[in-house]
Amino acid sequence: VTTVWERAGLRLFALALVALVAWELAGNTGNLVRAVRGTPATPGPPPASSVRLPGREVRVLASPHIPYIGAPHAPYDSNPPTSGPHVPWTVAPGIYGSSIPWELQVHALEHGHVVIQYRPGFDGVATLEGVARRYPADVVLAPRQELPAPVALTAWGRLELLQSANRGAIERFVVALRGRYVHGWRR
Amino acid sequence: VKPRLKSFARVAAPGKIVFVRELGVEFELDDPSGAASALLPLLDGTRTSEELASELGSGVDDVEETIAALDARGLLEDASAEAPPGLDTDRHASNLAFFSTFASLGRSSFEFQQALAGATVLVLGAGGFGSSVLLSLAGLGVGRLRLVDVDRVERRNLSRQLLYREEDVGRAKVDTAVEELRSFNSSIEVEGVERWIRGPADVAGLLDQPPEVHLWANEACVAAGVPLVGGGVLWAQGILYSVDPGRSACRRCFPQESASVVGGERTNRATAPTAALTASLITLEVLRYLTGFAAPVAAGSVWTADAASGRVSRALSVARDPACPVCGAVAAQPAPPVTLRPLSVVEDGGEFIVGSAETGVFVSIPEVGVVALRALQAGQSVEDATATTSDWAGEHVNVAEFVETLRECGFVLDGAAPEDGEHSPVRAARVAAALFSRAAWCLYALLLAACCVVLALHRELWPDYEDVFYLANPTLSVVSFAATGVAITALHEGAHWLAARAAGVGARFSISRRSFLPVFETDLTKLWALPRERRYGPLLAGMAFNSVLLAAALGVRLAFEAGVSIPNGIVRFAAALVFLDVLGLGFQFLVFLRTDLYAVLVVAFGCRDLTRVNQLRLRQALWGLSPAQEAELADAHPTDVRVARWFSPLYLVGVAGLVYAFFVWFLPGTALGLGWLALTLSHSPVSGSAFLQTIPIALIVTLELAVPIAVVLVRRFRSVRA
């Protein structure tokens, strides 16, 4: 029913597929392990960038998983944090009406998202929402009382504080820093 | 249900009872304990099984077991069955009495009569056979008769054409016959069509000429999936044949010489008795198809009734010709010759209890019987099921005999439409018809295409597993996400069910496992009773539902992006819906897991057992086959082999993709979930909210993992025990 050539072809094809899957898996192992365990050791510094990135660089901390929000952990070294201990679950990009715990938002940063936070009562919320609508897969937008400025933009290892809703500056931050770190530096 | 014993003659013998219905038709019942003998006098149709048990002072289970054994032999009918409104029980008293011979606790004689009331029969030619056939059908109460003829009544017709009188000579036969039939039975619909036939597209005509009319009727019936019963008179023999499209040989499959003998004699030698006898044989065969009181006897064969010897016998039996230009394509489909009732199978101490909830008959069969049953339920023919079962058992298994046993148990629906469609409300059927109209299908296809375009143009709307956490609270996210997933799957299956109902067949739900994925299923086995083009709707209905939902969710996301004001929670939930729906639709493309699209593929290409042939081919290519498997592959249906040629590489890609998905998503996802749970449960204070909130998630993860593992273990355990 099957010819010799067909059999040889099927065999080769099967081998090729096995090799492809193995190769893909081998290349992914590091990220998989980090996805499951968090990043307990201090990750290396970000790669040098040829373009000037928006905001300021913040030292990247050891970022292990902690059991629950409120569990004791090593302190963050910025407000809001840009890396550090976080809970094992994450939060989807989108617009939220109440503040998101630091231990949770750090996990979104670890997935390459940008977190935009504003002080409740800030009058430029419509502009911030416009950005969140335009980048629905990248931005987590939420209010937060204890911010050092009216608006705070964070990405993994990166922070920018704004006094007003400057749409151009916010979009530059989002576009330049989204997906730069996803369980590891991408660029 | 109040069982009543049919008044067959009874002969008591040591340890058993013999019932004699008529000469040569006897039923035996073993009764070593005398329990059945004690029960018989009480079976007068006034008591339920509980009442019988209390009267006899025995257990309800024992009584029901005896009743099931009696019913399996066709000895009981349900005295509490009521005639449906509108059924003229007086007019049809003798018809009902005839059907009561074949009635059981699960199917009353009224149901046979109702089947006739709902039936339509087209009669080609209102001459010698037509006259008697039409009068018989009207007498039986067939709801709608349509007769076709083009002749005028001639004096010579009056020798045998019982519908006409001397004063009708010169009138159109159609007009006269319609008048006569309406005055014979005013409760049925009779329609006359006066026209000539030019080819198979005009399926109508006279039985005697043009000579090709049998073949034209055959071609039209096979294409429409409608049984054809035909006949004629040669020199001194009445002829009967029938065609059960897709199941039996068709007229075109008959050998040339028999066809020319059967259809080639031109002088009309039909007399009143030979015409009426032949017409009666034809009408009884029609009755078999319409009510299923017995299986059709002349499907794919020719019966003769000899005027000289009085003998009625099968003269010729023709097998389906796979190369037949008329039914070759139909024959390539695994139309099940055996339609089984929905049956439950429960393991019980090495044996299996198989039963029908409808009829209440349960019997114990060995595992080999279950294998055969599964093969038949999967739509295999008796031959294929024999092969499958014999392969499993390692020796020849007589499945044909097994089917006879099933028939005796009342598990076989002989030609009768599956009964579970009867109580579906008319309104649901109407809604379903609108949901699965041609226009609706165009809409579903458009929506799916639109979703593809939107996803191609909007990378930011692609689903991501993060969408699970669309609420900042993980417990609420995971629990509501899992519930939504279950709801979507249930609605997907509901769409299959509804479309199957709209197509006029029943369907059943079940839950099982494909690879490492637990799945809901709708058993659409009965779709095989439909012509090919009507099977696609029920098969694709689930994906149509997913497409509509996906379009709605993507619409919400797009509108929000465009600035439309929508509550944020709904927008994030829409993302979760997109994720679930893309997953659901994508899953259907894994045809090697026997998904909806696999079923579509099998129907479209007319495959028999593609999965098995593909499995054998791959095994042959990768590590060789045993001689038995070589033989099985050599015997494989050519269509399966042809399709497997490109299906095998596709299958390998699918398996590779699944292995990849297993390692990249399933395993880390599970590890992540378990790691999270272990971390939270071991490190949070037991009375704290973090601990409590983790418990529902733990339950869901455990269920999702445990169900497939449990299924695998139970199967392994059973196979070890067997």
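**Note on aromatic contacts**

1. Over all chains, a search of the whole structure finds 17 aromatic pairs. Rings of Phe, Tyr and Trp (its six-membered ring) pair if their centres lie within 6.5 Å; planes under 30 degrees apart count as stacked, over 60 as edge-to-face and the rest as tilted. The model is predicted: local features need pLDDT of at least 70, side-chain atom pairs count only at pLDDT 80 or more, and totals for chains, interfaces and linings use all residues. Residues are numbered from 1 along each chain as its sequence is written, chains are lettered from A and ligands numbered from 1 in the order in which they are written, and side-chain values use heavy atoms, with hydrogens and water left out.

2. Tyr76(A) and Trp102(A) form an edge-to-face pair, 5.9 Å centre to centre with 75° between the planes. Tyr76(A) is in the loop between strand E3 (63–64) and strand E4 (94–95) of chain A, and Trp102(A) is in helix H2 (residues 102–110) of chain A, 26 residues apart. Helices (H or I, at least four residues) and strands (E, at least two) are DSSP runs, numbered from the N terminus.

3. Trp156(A) and Tyr181(A) are stacked, 4.5 Å centre to centre and 10° between the planes. Trp156(A) is buried at 4% relative accessible area, and Tyr181(A) is buried at 3%. Buried means under 20% relative accessible area, exposed over 50%, partly exposed in between (1.4 Å probe, protein chains only).

4. One aromatic cluster is formed by Phe98(B), Phe99(B), Phe102(B), Phe112(B) and Phe293(B).
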